[in-house]
Amino acid sequence: MRGDSSCNAGASPVYSPSAGKIMQRPVRLTRGVDAPLTALLRADLLAAGYTVDRLRQLWGDEADAALTRGDRVPARRALQAAEGPAAELARLFVLGEPVADEALGRALPSLGAEGARALGLVDAHGRALLDLRPYAAIDAGGAVQWVIASDLGELALGGALPPDHVLGVGGASLTLAALIPTEPVDSVLDLGTGCGIQSLHAGRHARRVVATDLSARALDRARLTLALNAVDAVELRQGDLYAPVAGERFDRIVSNPPFVITPRREGVPVYEYRDGGRVGDAIVEEVVRGAAEHLTLGGTAHLLGNWEYRDALGGDGLARVRRWIDEAGLDGWVVERERQSPAEYAATWIRDGGTRVGTPEYDALAAEWLDDFAARGVTAVGFGYIVLRRPSAPDAVRLLRTEVLGSPLGGTPTGIGDHLLAGLRAHDRIAAIDDAGLGALRLDVAPDVTEERHYWPGEENPTVIRLRQGGGFARTIEADAALAGLVGASDGELTVAEIVGALADLLEVDEGALRDDLLPRVRELVVTGFLLLAV
Ligand SMILES: C[S@@+](CC[C@H](N)C(=O)[O-])C[C@H]1O[C@@H](n2cnc3c(N)ncnc32)[C@H](O)[C@@H]1O
């Protein structure tokens, strides 16, 4: 099917274990879709009301939750009595059931069964050849309803994924979507576009998007996704990482790169959707370093990634990422959301490839993974978010911040891209002023900040004070009475210095010592969004 669906088969770079490096082949622009047939399909999908809400209404919340766990039985049962185009389309494209020509004709009346076959949507037996599913999201620009084209998943295939599988929207896709700021820019690069989901999101806030992928098959899926959502400001290009955009710069780069660390050994399956063909975390390093050559002045990159923690010789994982960013001359803010041991990491990705724990295949693969980690002295693997910025002026105060997220984010994060961009801007302003300047500022406590106090029974003074952020990373910080007092009194009326003076009186402590203690923490609260600078 790869050969059928692509005019670029054979145009991709390949990993050569003997050479130990990526072999470059030429970058190609990719072909178009059958526009008239795709327009008919789009019209039919809209008329069918093929939306997230409609499907949930058809099969209910429980079945919907079961589907996210890979269990289609409740949805299948719920649809047994359901009729109408949306139900037929869900049976075909989500549950992977064959649909007879007559029913397909009713579900897609303009396109018809013949048109569906000509577009490569179904085979001669009425089985779906790809996954077409509705998607809904809300960002600062409002709500969107899209249809996403990708390859059939394990559920519909009834087995393991092939190596050239094109992934649909998954958890990591949603996380990256939330990491994309909503401030409008001129140009965006979507590196490793897959089914095209990030181009749809990024395109809402950009005049033009260039989306790249190594996989011609992925670009075919992305092209269909874009056409089905009538988005034409995205240019698709095929090639390895930044090769298709050599010499070009963008205001924003977004990427959920194929960062999964995979042993480069015969017999270890390679999945294009998750593995960029490098050794260890070299692909993330390459994406980070390469951003310097492809960002406009002040431009930002928003990435997901893995980084290896290595033994004494190799170093701390976050410090390694920090070094890549520093050497590239970029600003960077790296947030580690999870850290796994080599064994946990291997298990996660071997299972993701469809191999069950306890089988001989699993044991053999786990040994390969652990050998590969041992060869580089890997002790753990971090996962998280990387935001980069090309400094807009040579004398700008650099930001090189790495942190481990203290409180786990419940569910899919929202709006973290805007939050981090606000943090970068707050850093620029606060880093440029000395403590006297900071003392003269009037700050406001952010509207999403609440305070929590715990007391021993009968005690007058709290034993624990916590400040909690409702948005952003939902950070919680421990505060003492002085910091909580300063945050509480920050309502834009008094300056920081006036509040510190009043607190020193109240707490009967030395004002200078209190100032020295509080001001660095105030800077941190400004960068992390607990305290807001006047606009
Ligand atoms: C994890 S998927 C991300 C897909 C999509 N952007 C998302 O957020 O859901 C990574 C994508 O990178 C592509 N890819 C793999 N190796 C690549 C390489 N060396 N250069 C460019 N893209 C690559 C894969 O084909 C895949 O579509």
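Keep in mind that the model is a predicted one.

Let us begin with the inside. The largest nonpolar core has 89 residues, and I386, L388 and L486 touch the most other members. Strand β12, residues 378–389, gives the most to this core, with eight residues. Apart from this core lies another one of 40 residues, which includes F93, V94, A149 and L152.

It is worth looking at L388 on its own. Which residues does L388 touch, leaving aside residues up to four places away in sequence? Its contacts are V288, A291, G299, T300, A301, L303, I325, L330, D331 and G332.

Next, turn to the helices. Two packed helices are described by the angle between their axes and the distance between the axes. Helix α2 (residues 35–48) and helix α11 (residues 216–228) pack at an angle of about 60°, and their axes are 9 Å apart. Angles of 65 to 115 degrees would count as roughly perpendicular and those under 35 degrees as roughly parallel, so α2 and α11 are oblique to each other. Their crossing is right-handed. On the α2 side, the contact is made by T38, L41, R42 and L45, while α11 brings L224, A227 and L228.

Another helix to find is α16, which covers residues 416–431. This helix has 16 residues and reaches 22 Å from its first C-alpha to its last, close to the 22 Å expected at 1.5 Å a residue. Which residues of α16 are buried? They are I416, G417, H419, L420, L421, G423, L424, A426, H427 and I430.

Finally, let us visit two loops. Most residues other than glycine have a negative phi. A474 is not a glycine, yet it has a positive phi of about 50°. You can find A474 in the loop between β16 (464–469) and β17 (476–479).

Look for E508 in the loop between α19 (496–507) and α20 (511–527). Exposed means over 50% relative accessible area, and E508 counts as exposed because its relative accessibility is 72%.

Note on methods: Residues numbered from 1 in each chain as written. Predicted model: local features only at pLDDT ≥ 70, side-chain atom pairs only at ≥ 80, totals over all residues. Heavy atoms only, no water. Helix = DSSP H or I, 4+ residues; strand = E, 2+ residues; numbered from the N terminus. Expected span 1.5 Å × (residues − 1). Buried < 20%, exposed > 50% of the residue type's maximum accessible area, 1.4 Å probe, protein only. Core = buried A, V, L, I, M, F, W, Y, C linked by side-chain atoms within 4.5 Å. Contact = heavy atoms within 4.5 Å. Axes fitted to C-alpha atoms, helices over the stretch in contact; angles between N-to-C directions. Parallel < 35°, antiparallel > 145°, perpendicular 65-115°, else oblique. Left-handed = near helix turned anticlockwise from the far one by under 90°.
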